[in-house]
Amino acid sequence: LSSAFMLGAILKREDAADAFVSNKYPNISALPENAVVGTSSPRRVAILKQYYPQLQVKLLRGNIQTRLRKLDYNEYDAIILAVAGLKRLGLEGRITQRLDIHQFVPAIAQGALAVEILKSRADLLNLLKPLTDKDTELEVTMERELGSKLGASCSVPIAIYAQSMGDEIHLNALIWDIDNNRRCESLVRVSKTKYEDGINDCLRQLLEQGSGDIMARYE
């Protein structure tokens, strides 16, 4: 986010899960050895290598329609996309399986939409306020703040997902070291009124597990 802009509203979050899309197989567990799975996300690559090392992961580029077309042309046996993107484009019918968020932990702010405005237009905040969903705002705030403290970027295999559960919020974060077959993970449950403590606790746990060394490789 440029220093000249700020978030004016964060709308209610769509389903944050990943989607398994295939024309041949009913679910990800049905893929045979050496089946080709397409994704452009380091996070998804890391998850696939951890849980499904028998599969071949192939780079997948383009917008959603282009990616689906490549699947339909049999360049891949399956592809992984965001549930939210497919639903918003009216392509929910292409979802073969909604992947478990406890295994395929979502990316930062996955499924959320925000309205970005100039900082000089603070007068718009009151107009946009009714659009903000408080639970989503808190979830995304925690994810983005923890990601910022860790130095996250789109090239890093990292997942951070916060989920409102009544008066609590659960914050799950993972960072993968694909080359050395290890990962750092933290799951924190904290009162919504103490969400900043949750961010700091999660950060401390990750650093104690050596996340700093992993992140340094992507600087």
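Author: Let's start with Ala19, whose bridge partner in β6 is Arg98. Before going further, please keep in mind that this is a predicted model, in which local features need pLDDT of at least 70, side-chain atom pairs count only at pLDDT 80 or more, and totals for chains, interfaces and linings use all residues. Residues are numbered from 1 along each chain as its sequence is written, and side-chain values use heavy atoms, with hydrogens and water left out.

The pairing between β2 and strand β6 (residues 97-98) is antiparallel and has two bridges. Strands here are DSSP runs of E with at least two residues, helices are runs of H or I with at least four, and both are numbered from the N terminus. Two strands count as paired if DSSP finds at least two bridges between them.

Ala19 has another bridge partner, Leu81, in β5. That strand, β5 (residues 78-82), is joined to β2 by four bridges, again in the antiparallel sense.

Now look along β2 (residues 18-21) itself. Asp18 and Phe20 point one way, while Ala19 and Val21 point the other way. The four residues Asp18, Ala19, Phe20 and Val21 are all buried (buried means under 20% relative accessible area, exposed over 50%, partly exposed in between, with a 1.4 Å probe and protein chains only).

Stepping back, β2 belongs to an open sheet of five strands in the order β4-β3-β5-β2-β6, with mixed pairing. At its edges are β4 and β6, each of which pairs on one side only. Helix α2 (residues 64-72) packs on this sheet and touches β2 and β5, and its direction makes about 165 degrees with that of β5. Such angles run from 0 to 180 degrees between N-to-C directions, using lines fitted to C-alpha atoms, for helices over the stretch in contact.

In α1, the buried residues are Arg43, Arg44, Val45, Ala46, Ile47 and Leu48. The buried residues of α1 pack against β2, β3 (36-39), β4 (56-59), β5, β8 and β9, where contact means heavy atoms within 4.5 Å.

The names β8 and β9 lead us to a second sheet. It is open and has three strands, ordered β8-β9-β10 with antiparallel pairing. Its edge strands, β8 (158-165) and β10 (182-191), each pair on one side only. Neighbouring strands of this sheet are turned by 10 degrees against each other on average, direction ignored. Helix α1 lies across β8, β9 and β10 as well, here running at about 75 degrees to β9. So that you can find the pairing by eye, eight bridges join β8 to β9 (residues 168-177), and Gln163 has His170 as its bridge partner in β9.

Ser164 sits in strand β8 and counts as buried because its relative accessibility is 16%. Apart from residues up to four places away in sequence, Ser164 touches Asp135, Glu139, Ile169 and Lys192.

The other residue is Cys202, found in helix α6. This helix, α6 (residues 195-208), lies across β9 and β10 and runs at about 160 degrees to β10. Cys202 counts as buried because its relative accessibility is 0%. Its contacts, leaving aside neighbours within four places in sequence, are Leu146, Leu171, Ala173, Ser186 and Val188.

To finish, come back to the loop that joins β2 and β3, where you will find Asn34. Most residues other than glycine have a negative phi. Asn34 is not a glycine, yet it has a positive phi of about 70 degrees. Asn34 counts as partly exposed because its relative accessible area is 45%.
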